[in-house]
Amino acid sequence: MNFRVIAKRLLFFVLVVWAASTIVFFVPRLSTRNAIRERFGELARTGGFSPGDIEKLIASMNQQFGLDKPLLDQYWQYLNNIIHLDFGYSLSKYPTTVTEVIAQSLPWTIGLLVVTTVLSFVIGTILGAISAWPKAPAWLRGIATPFILLTGVPPVIMGILLVFFIGFRLQWLPLGGAYSPGLVPGWNWTFFFDLMQHQILPALSLILGSVGGWVLSMRGMGVTIQGEDYVNYAEHKGLSGLTIFRDYYLRNALLPQVTGFALALGTVVTSAVVVEGLFGLPGIGTALNLAIRANDFPVIYGIVIFITLAIALLMLILEFVYPLLDPRIRDS
Amino acid sequence: MTTISESAAPDIVRQPSNLTLFFRYLRRNKGLAIGVLILVALTLFTVIGLFVVNPKHAYPLSAALKQPPSLKYPFGTDFFGRNLLVAMVIGMWQTALIGLLAGGIGTAIGVLLGFTSAYFGGWIDATIRTVCQILTPIPVLLIQVVVAGSLDKRDVTILTMSVIVAMLAWMGPTLVVRAQVMTMKERQFVSVAKLSGVSDMGIIFKEILPNLLPFIAASFVGQVFGAVFASFYLAVLGLGPLREPLLGNLIWAAQNQGAFFNGWWWWPLIPSFAMILILGALALVNMGLDELANPRVRRTE
Amino acid sequence: MTIDTTPARAKKPGSANANVTEPVLRVEGLEVTYYTDLGRAKALDNVGFTLNSGEKLGMVGESGSGKSTMALAMMRMIKPPGRIEGGKVIVGGTDLMALDELGMRRARLNKIAYIPQGAMNSLNPVMRIGAQMSDAIRSHIKGEARSTVEDRIAKALRSVDLDPGVARMYPHELSGGMKQRVCIAIGILLQPNVIIADEPTSALDVVTQRQVMETINRVQSEINAAVILIGHDMGLMAQAVDKVAVMYAGRLVELATVREMFTDPKHPYSQALISSLPNLDNKGVFQGIPGLAPSLLRLPKGCAFHPRCPHGKGELQSNVRPEPVILPGGRMVTCHLYSEEGHVHEGAK
């Protein structure tokens with residue numbers, strides 16, 4: 001691991017975040033909508049207004065948000081802010097800053113996201129490897145099939161179905177929310193139990209839909225690896241099926257799978273976010289949902305950039321994991 | 001006693017017709033077969049539906065409100081008075097449009113860029129490749145949310161949806177096509193063609209493209225899948241062309257009106273099932289085409 | 001009655017086989033068919049031969065003649081859509097075809113070892129060389145102490161002229177020739193009765209070729225195994241082997257000692273092969289063999305070679321398959337030209 005390589009990876013990381021931020025900056029400004037004007041339009045509709053004063057308010061808000069400065073100046077200011085993780089103020093929850101909004105909702109998301117992602121990946125990878133291995137018993141290979149069939153089902157729909165059948169019809173699990181209303185959060189068993197109950201359906205929606213994806217990619221990789229000469233040669237050496245599966249097949253197929261995991265992070269996070277919205281869990285997904293409905297642009301942009309940052313960071317970390325897995329990379 | 005054979009040449013291997021080979025392959029690759037079957041069924045439903053139904057019924061206030069499925073309204077109606085059967089037909093047609101359009105755009109860009117990148121190499125290749133790599137980690141869906149969310153609600157139409165969806169989806173096909181063309185460039189049949197005096201364009205069309213077709217086809221289906229998926233998500237979040245009966249829109253509206261709590265279960269469920277069928281079929285076909293493109297996968301069947 | 005065609009050789013040390021004329025390898029009636037979408041392809045058709053300890057058999061033929069299929073069939077590594085349809089492969093008294101899965105797995109590397117073509121890709125990229133050798137050992141011999149295993153590995157590596165330190169390296173750190181020699185080392189780890197080397201030098205330069213061939217010779221004499229060398233380089237065969245077997249369209253058309261094959265080939269195909277070799281003494285026009293090898297999916301009726309054979313116009317050649325016959329002196333030919341001279345080989349169906 002030499003300096004040049006590390007520098008290159010860091011540069012990549014920075015470029016990704018920069019690209020995302022730039023897109024998020026310029027795209028909305030291409031449209032004719034002005035967030036502040038709309039916001040005040042809404043407020044005015046409910047509260048009544050006098051035209052002259054409204055304009056003065058809008059102008060002063062514009063100034064506060066720095067929207068009256070030339071575009072390029074705004075851009076530099078914007079980039080500068082991002083480096084300091086300052087995403088500005090939330091429009092709908094003013095004067096809460098976007099960063100606060102994110103900070104409040106993040107913990108809920110992380111728990112769900114991390115657990116479901118890791119579980120889906122591990123289960124999917126193992127099932128995928130097994131399902132492509134011709135020597136594995138047929139029933140074992142068959143376990144993967146229902147998951148594959150479920151790949152077409154987006155977690156959101158899965159969530160809807162689960163909520164309907166298990167939550168509504170069977171009433172086994174709660175329909176939404178992070179915990180039952182009226183329960184006070186605290187470090188006790190009752191709360192924890194209730195919390196877990198509420199996490200099951202969202203977790204299932206995410207896991208059931210995404211396991212299939214991992215199964216398929218691992219299976220594809222597995223098939224390719226199977227065709228490799230060294231797997232064949234391992235059989236020539238008279239090694240047991242299990243040894244070949246573990247040392248020659250799995251270990252090699254895992255490499256691109258981990259890469260795939262890094263690339264898929266975007267989708268993983270997005271699905272989690274949307275499912276959250278569906279179940280009304282107070283995480284980033286719901287925050288995003290509410291922001292969309294309220295046209296709270298700073299929050300929307302802040303969340304998008306934040307998530308991009310998180311993904312890019314995870315990818316960066318994974319880049320350092322590869323050499324541990326593949327000796328060929330260590331030396332190149 | 002056998003007749004004396006004068007011919008010295010061995011018999012030509014009798015090739016079964018291409019159609020027979022195709023069906024034999026389908027028998028082995030059941031996933032592809034099922035996927036294609038479902039897609040054909042859905043297409044029939046949509047096409048027949050388009051001829052049979054009155055499109056106006058897919059829009060609000062064209063039928064009795066909140067009716068559960070019955071003979072008169074096979075899929076029921078929703079809160080706004082849309083005949084769900086008609087809505088489904090129109091919605092599926094629109095989804096297909098978005099899928100094909102966005103998929104087509106994405107694939108076309110991908111093929112063009114990937115090919116250019118691989119064929120010309122040098123800094124062109126480096127630039128295109130680096131741009132693709134940088135854009136890949138960006139959560140595409142979220143960006144699409146940003147874009148869709150920034151648009152004036154009236155500007156969101158089927159067409160703009162397609163463009164939005166295709167905007168950030170071309171990186172995958174670009175890299176795939178590029179990888180394939182690169183391996184082909186190195187392989188001997190290209191050098192042989194060059195030596196035989198075939199022009200550059202000739203090489204492109206006669207040698208490289210035919211070999212690329214399976215990959216392009218697989219990429220296209222993947223793109224369609226992605227496009228349908230993305231448009232669905234955007235619609236479910238309420239960012240789609242709200243007037244249109246897109247399946248995602250229907251579900252979003254249902255959630256908004258608390259369909260489950262009010263007992264109008266058919267409203268979100270039926271579009272959900274339709275969506276599962278569409279995405280599932282596309283996924284199967286995609287997998288099947290991947291197999292076709294990768295002969296090694298075929299060998300183990 | 002088994003025909004003994006070779007001079008007596010030293011017994012393999014510790015071998016239970018006291019009778020020196022009992023061949024360590026006997027192949028009888030081996031048949032392999034591939035069931036493809038386009039039809040059935042007979043990759044091996046009634047192939048049979050014997051080999052003694054310490055002997056080297058060179059197997060030559062065009063691409064698709066069945067030589068590699070032969071090797072795979074002997075290791076029982078034919079994968080679908082191919083199937084071994086029949087025959088026996090008797091190594092040191094045991095018929096490999098009759099073994100169950102576990103038995104065959106134990107026999108691989110132990111009784112019969114395979115050195116792959118193209119060692120470039122045959123080594124697991126993520127495992128050290130030593131690990132890839134020790135797992136082979138441990139699969140066959142349970143409970144050996146680590147130091148014993150390491151000694152075995154070091155000894156094998158030294159036999160192929162490699163430094164024992166190679167065991168700690170990864171495959172990508174080795175050159176092509178070194179990787180090939182590692183594969184040879186793996187092949188001799190358990191001192192098998194039969195070693196099959198599948199085109200071991202095809203991908204290497206001439207200098208390394210020589211190294212590798214010398215290595216194979218040396219290790220063979222150390223453990224007194226029977227070696228089957230598969231290739232298409234007749235010149236290499238001339239220098240390296242004792243007997244030569246010629247394959248054509250899945251059939252064994254001639255089997256003779258190296259001297260016999262190069263001075264007096266009997267089968268028209270062998271004759272054409274030999275005469276096509278460049279010869280410093282006989283300068284002249286390059287001789288090829290007219291026509292193409294037939295597709296295994298649709299073999300010519302009768303003798304597989306008859307369309308390209310100068311003697312192939314007769315009714316017999318076009319309609320009746322020739323059977324392998326043994327000529328005086330012990331060589332075998334599968335050709336109508338010699339069907340009266342010899343008697344039918346016992347291994348034939």
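Where pLDDT is low, the predicted coordinates should not be read in detail.

This is a predicted model, in which local features need a pLDDT of at least 70 and side-chain atom pairs count only at pLDDT 80 or more, while totals for chains, interfaces and linings use all residues. Residues are numbered from 1 along each chain as its sequence is written, and chains are lettered from A and ligands numbered from 1 in the order in which they are written. Chain B as a whole averages a pLDDT of 75, with 76% of the residues scoring at least 70. Among the elements of chain B, the highest mean pLDDT, 85, belongs to α4(B), and the lowest, 48, to α13(B).

## The helices of chain B

Chain B has 13 helices and zero strands, where helices (H or I, at least four residues) and strands (E, at least two) are DSSP runs, numbered from the N terminus. Of the 301 residues of chain B, 45% count as buried; a residue is buried if 20 or more other C-beta atoms lie within 10 Å of its own, exposed if 12 or fewer, and partly exposed in between, with the C-beta atoms placed from the backbone. Among contacts in chain B between residues at least 6 apart in sequence, 69% join residues that are at least 24 apart.

Helix α10 (residues 247-256) of chain B is largely enclosed by the rest of the structure, because eight of its ten residues are buried. The buried residues of α10(B) are L247(B), G248(B), N249(B), L250(B), I251(B), W252(B), A253(B) and A254(B). Just after α10(B), G258(B) takes a positive phi of about 60 degrees.

In the contact between chains B and A, 40 residues of chain B touch 47 residues of chain A. On the side of chain B, two or more residues come from each of α4 (122-135), α5 (140-150), α9 (200-236), α12 (266-293) and α13 (295-299), and α12(B) gives the largest share, eleven residues. This side of chain B divides into 30 nonpolar, seven polar and three charged residues; Ala, Val, Leu, Ile, Met, Phe, Trp, Tyr, Cys and Pro count as nonpolar, Asp, Glu, Lys and Arg as charged, and the others, Gly among them, as polar.

The contact of chain C with chain A takes 24 residues from chain C and 18 residues from chain A. Helices α2 (101-107) and α3 (129-140) of chain C each give two or more residues to the side that touches chain A, and the largest share, four residues, comes from α3(C). By class, this side of chain C has twelve nonpolar, eight polar and four charged residues.

## The sheet of chain C

In chain C, four strands form an open sheet in the order β2-β1-β4-β5, with antiparallel pairing; two strands pair if DSSP finds at least two bridges between them. The edge strands are β2 (39-51) and β5 (94-95) of chain C, each of which pairs on one side only.

Strand β1 (residues 25-36) of chain C pairs with strand β4 (residues 82-91) of chain C over eight bridges in the antiparallel sense, and here L25(C) stands opposite V91(C), while the bridge partner of E28(C) is K88(C). Nine bridges join β1(C) to β2(C), which also run antiparallel, and the hairpin between these strands passes through two residues. In β2(C), A41(C) is the bridge partner of Y34(C).

## A helix crossing in chain A

The axes of helix α5 (residues 98-131) and helix α9 (residues 189-226) of chain A come within 6 Å and cross at roughly 35 degrees; axes are lines fitted to C-alpha atoms, for helices over the stretch in contact, and angles run from 0 to 180 degrees between N-to-C directions. The contact of α5(A) with α9(A) has 16 nonpolar, eleven polar and one charged residues.

Methods:
Contact = placed C-beta atoms within 7 Å. pLDDT = per-residue confidence, 0-100.
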